[in-house]
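The structure is shown below.

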Amino acid sequence: MSRSVMIVAAHPDDEALDCGATMAALAARATLTAVRPLPGAAVRTVLAFELPSSTEWSAEGAFDPDWYCDASGTLTAKLDALRHYETEMRDWPHPRSVEAVERLARWRGASVGLDAAEAFRLLRRVGGIVR
């Protein structure tokens, strides 16, 4: 039995202004093109991630997640890691502050009955169960 692979990529509507607003759309399109669902392809699932201070600023509307992963056991490690990105992180109340990232994870978790969660948007799913 072949192994199913999951890819997580930028959301096509991200407003990554430092890279150019169209770069996220190009990156998402390139990802979907690179992992086309051809016969024998291992990639079965493509998800788009939420990027604070980028995804929610999109003119296309709010990020509407439909795939959640329990982050209850990893949130502390994620927040500790983010503290090392001094040039990328901002002070509260910026969406890319450690406090905002934690609150978003708690909100996403509460939305699906978990203590904390990472939220994604499904871009492509090709049958079967992801293992």
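## Helix packing, core and loop

Helix 2 passes helix 3 in a right-handed crossing. In this predicted model, the axes of helix 2 and helix 3 come within 10 Å of each other and cross at roughly 155°. Because angles over 145 degrees count as roughly antiparallel, helix 2 is roughly antiparallel to helix 3. The residues that form the contact are listed by helix in the table.

| Helix | Residues in the contact |
|---|---|
| Helix 2 | Leu75, Lys78, Leu79 and Leu82 |
| Helix 3 | Val98, Val101, Glu102, Ala105 and Arg106 |

By class, the residues of this contact divide into six nonpolar, no polar and three charged.

The largest nonpolar core comprises nine residues: Ala71, Leu75, Leu79, Leu82, Met89, Val98, Val101, Ala105 and Ala116. At least two residues of this core come from helix 2 (75-82), and at least two from helix 3 (98-111). Met89, a member of the core, touches Leu82, Arg96, Ser97, Val98 and Val101, when residues up to four places away in sequence are not counted.

Arg36 lies in the loop between helix 1 (21-34) and strand 2 (43-49). Its relative accessibility is 47%, so Arg36 counts as partly exposed. With residues up to four places away in sequence left out, Arg36 touches Ala41 and Arg124. Arg36 and Arg124 are 88 residues apart in sequence, and their C-alpha atoms are 9.6 Å apart in space.

Key
Residues numbered from 1 in each chain as written. Predicted model: local features only at pLDDT ≥ 70, side-chain atom pairs only at ≥ 80, totals over all residues. Heavy atoms only, no water. Helix = DSSP H or I, 4+ residues; strand = E, 2+ residues; numbered from the N terminus. Buried < 20%, exposed > 50% of the residue type's maximum accessible area, 1.4 Å probe, protein only. Contact = heavy atoms within 4.5 Å. Core = buried A, V, L, I, M, F, W, Y, C linked by side-chain atoms within 4.5 Å. Axes fitted to C-alpha atoms, helices over the stretch in contact; angles between N-to-C directions. Parallel < 35°, antiparallel > 145°, perpendicular 65-115°, else oblique. Left-handed = near helix turned anticlockwise from the far one by under 90°. Nonpolar A, V, L, I, M, F, W, Y, C, P; charged D, E, K, R; others polar.
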